[in-house]
Amino acid sequence: FARQMFGLVTGSRVGVLVDASDANCGVGRRQDFQKALLCLLDEQLSYRKQLYLVSFGTSVSPLWENARDVNIRTLGEARQWVQELEPSGGCNLLRAMKHLLQVKELNSLLIVLGSCPDQTSEIWVDYFEQCALGKPLPLHTIAYDCSSYLTQVCEGNPLRIIIIIFRSHFPISIIRGGSVAAKKLSLYQVLAPNAFSPQEAFIPILRKTVSSTLHQRAMMQFEWHDGSVKNVHVDPALLYRYQKQLGQAVRTFEHRVDWLSTDSRKIWGTLCEKRVVLLVDISVSNSMHIAHIQHAVRLILEQQMTNKHRFNLIAFGSDVEQYQPQLVSPTPDHLQDAWRWVLGLQYGGSRNLMAAFKRAIECEVPEVQEPCGVYLFTSGLPDQEKDVLGAYVAEVTSGHDLPLHVCLFQIGDFGLDSPVPVRYASPSETASELRSLARWGRGRFHWLGTDRGWAKYGVRKLKLDLHKLLSGPDCVHQKKRVPNLHKHVSAKYCTVFPSVEVNGLVRHLQLQPHELEMYIEQVERVLRRYVQRMQWLLSGSRRFFGTILEKKICLLLDTSGSMDPFLEELKKELTSLIWEQLRKYSVSFNLLCFSGSVEAWQDGLVEATDETCQDAVQWVAKVIAQGTTCTLQALKKAFQYPDVQGIYLLTDGKPDTSCSLILKEMQQMKRKVTRIHTISFNCLDRYVTANDFLKKLAAHMGGRYHRCHGATDGHLVAHKMLTEGFSDEDVSCSLFPNQILLNYLF
């Protein structure tokens with residue numbers, strides 16, 4: 001529990017700053033916060049050598065004067081201190097950090113923050129960087145419970161509006177003249193006056209063509225931009241002047257990049273138009289990140305709105321909410337009122353971007369001949385398909401001066417308890433689709449990643465591949481034959497370095513202790529991430545059926561005689577699937593049971609409503625297991641539905657007909673919009689032919705193969721791996737379906 005909430009605390013002598021402000025320890029929140037801190041003490045901090053605890057609000061209140069050794073007595077005092085925490089005003093993080101950095105025995109700092117600090121992040125981050133300069137002092141920060149309660153933290157704190165003043169007539173020549181090419185600092189521009197092409201001429205006396213030659217020290221040869229080679233004379237004074245001017249240009253460029261990468265510009269980019277409409281995603285997928293979204297909106301209102309002529313805010317989930325019917329001027333009163341409106345938003349539903357964009361068009365006044373920029377702030381794919389939404393955006397923006405800019409932000413992958421988005425895609429797929437949307441809208445695409453920039457968790461991507469770490473020449477284990485001893489002897493210092501066998505060869509590990517600890521920590525973090533993803537994929541109906549990807553599906557259920565011992569379990573899981581995935585995400589579906597014949601629940605695909613789902617559950621409850629397995633007839637029946645996108649085939653054995661015949665028939669009936677996903681249910685390993693058939697069928701029809709062990713609780717296995725750790729002898733991974741691992745890794 002403590003690792004899930006606070007992460008892994010490192011360091012042997014840990015200093016802990018605990019936020020005891022009124023906002024974090026108020027009514028309805030303090031007891032849960034104290035319980036979480038007690039778990040942190042028992043599960044992690046009790047195993048450290050030394051501990052130093054400080055609570056802070058408006059003032060700072062340390063438990064001890066110095067760091068204490070961890071023993072039964074100090075842990076008892078720490079527990080009592082946690083239970084006696086009281087709200088103490090504001091959140092003066094800077095003052096608390098100044099106090100903690102004076103304790104010199106610590107080698108790790110942990111800040112548990114549950115409210116907005118009184119100071120801006122730039123102030124206390126700069127202070128910490130200056131104080132910790134040259135010291136190996138890692139700082140861990142915990143955002144505790146960023147839930148809807150946190151939205152009240154800044155409600156009484158008005159916006160700190162920044163008035164932006166620009167020159168009325170700012171010449172564009174100043175911007176264009178700042179480029180490297182305009183200042184004639186391009187390398188070819190600098191070298192051109194002293195660059196000479198080799199000369200060739202016919203010498204009558206020699207009766208042949210001769211090329212010019214020169215001494216190597218007089219000139220040097222340099223490849224030009226057109227591919228030719230020129231002889232260049234380098235003047236040291238000219239080169240020094242060029243180096244100085246280029247350094248100034250680089251520093252100007254770096255200052256510009258730093259400015260664009262701070263505050264609201266890091267999240268939104270720069271608002272270029274004089275009239276602005278902000279579309280804010282408040283879907284259920286973002287309900288765990290309310291504080292981050294509110295912080296982003298607060299920054300843009302404070303820093304980039306005052307120099308605009310008009311603005312408006314539109315929040316969208318399944319429904320669309322609008323701050324004002326029309327665009328309003330960004331006066332301080334309007335901005336404060338807009339901020340209060342943002343604090344009162346309720347998060348829920350999906351991402352109905354089409355309706356939100358239509359509302360933004362209604363806000364725009366056609367008579368005003370001035371560009372109006374629409375800025376979409378979202379974390380995932382909209383409800384509408386790419387082609388439909390893209391065509392509409394392209395049509396609307398082509399007739400109006402109304403560019404659509406997309407700001408994609410990523411807090412991190414949704415956890416086990418987080419709501420799953422209606423349309424889930426990988427980070428790269430999400431970015432690609434939203435980038436195309438911005439291109440259709442004639443706008444810019446801005447990608448903000450707050451979790452290592454959509455980092456991939458592959459071992460190779462994170463450069464944790466052990467083979468590469470041991471591939472250097474200094475890692476080779478050398479043996480030489482000693483004639484006097486008549487045997488091969490290792491090098492003198494081989495025993496000093498750790499060794500490992502890779503592909504039959506002994507390699508030495510050239511890592512320092514702190515590098516080795518960091519490597520082990522990163523590998524464990526990756527493994528834990530894998531197992532967390534497995535745990536989610538093996539929970540609920542996903543353990544049996546996988547994740548339903550399409551919006552229109554048909555489920556084929558094997559009800560032959562061999563399914564009789566497992567039929568009740570299948571009915572239970574199917575009921576869970578109907579309510580957990582089909583109803584929740586409004587998937588149109590139909591059910592087909594096949595044994596000696598095929599029986600359909602409905603004549604076609606029906607929308608998942610409360611009434612249809614209830615009727616489907618009742619129909620499933622009456623199903624009995626008997627007869628043979630007519631898989632081919634069931635597949636042909638499913639293909640009769642013209643709009644079906646996904647067919648999910650669940651069976652426990654071979655079909656009655658030839659497997660090759662079914663593959664041949666399906667290949668002939670194959671169409672681009674329909675995929676067949678196969679589910680092997682309690683299909684034992686001795687039935688190799690049946691599993692191979694299901695794998696081939698899924699591969700040929702563009703679907704997935706999912707193997708389900710009814711009696712195996714993979715969710716429990718994953719939980720044990722998370723709580724008890726990993727070992728080299730752990731064989732629990734064999735219980736996970738291979739396709740689940742592939743779905744996550746790729």
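Visitor: What makes R207 count as exposed or buried?

Guide: This is a predicted model, in which local features need pLDDT of at least 70, side-chain atom pairs count only at pLDDT 80 or more, and totals for chains, interfaces and linings use all residues. Residues are numbered from 1 along each chain as its sequence is written, and side-chain values use heavy atoms, with hydrogens and water left out. Buried means under 20% relative accessible area, exposed over 50%, and partly exposed in between, with a 1.4 Å probe and protein chains only. R207 has a relative accessible area of 70%, and is therefore called exposed.

Visitor: Where is R207 found?

Guide: R207 lies in the loop between β8 (200-203) and β9 (208-211), where helices (H or I, at least four residues) and strands (E, at least two) are DSSP runs, numbered from the N terminus. Its phi is near 55°, a positive value in a residue other than glycine. Most residues other than glycine have a negative phi.

Visitor: Why is R442 called partly exposed?

Guide: The relative accessibility of R442 is 44%, so this residue counts as partly exposed. R442 sits in the loop between α14 (427-440) and β17 (445-449), and its phi, near 60°, is a positive value in a residue other than glycine.

Visitor: What makes the buried residues of α21 lie on the same side?

Guide: In helix α21 (residues 659-669), the buried residues are C659, I662, L663 and M666. They cover an arc of only 100° around the axis, and therefore lie on the same side of α21; the arc is that of the directions from the helix axis to the C-beta atoms. The face turned away from that buried side carries the exposed residues S660, K664 and Q668.

Visitor: Why are β7 and β10 called edge strands?

Guide: The open sheet of 3 strands has the order β7-β11-β10, with antiparallel pairing, and its edge strands, β7 (195-196) and β10 (220-223), each pair on one side only. Two strands pair if DSSP finds at least two bridges between them, and 4 bridges join β10 to the antiparallel strand β11 (residues 229-232).

Visitor: How do you know that the span of α11 is close to the expected one?

Guide: The expected span of a helix is 1.5 Å times one less than its number of residues. Helix α11 (residues 332-343) has 12 residues and reaches 17 Å from its first C-alpha to its last, close to the 16 Å expected.
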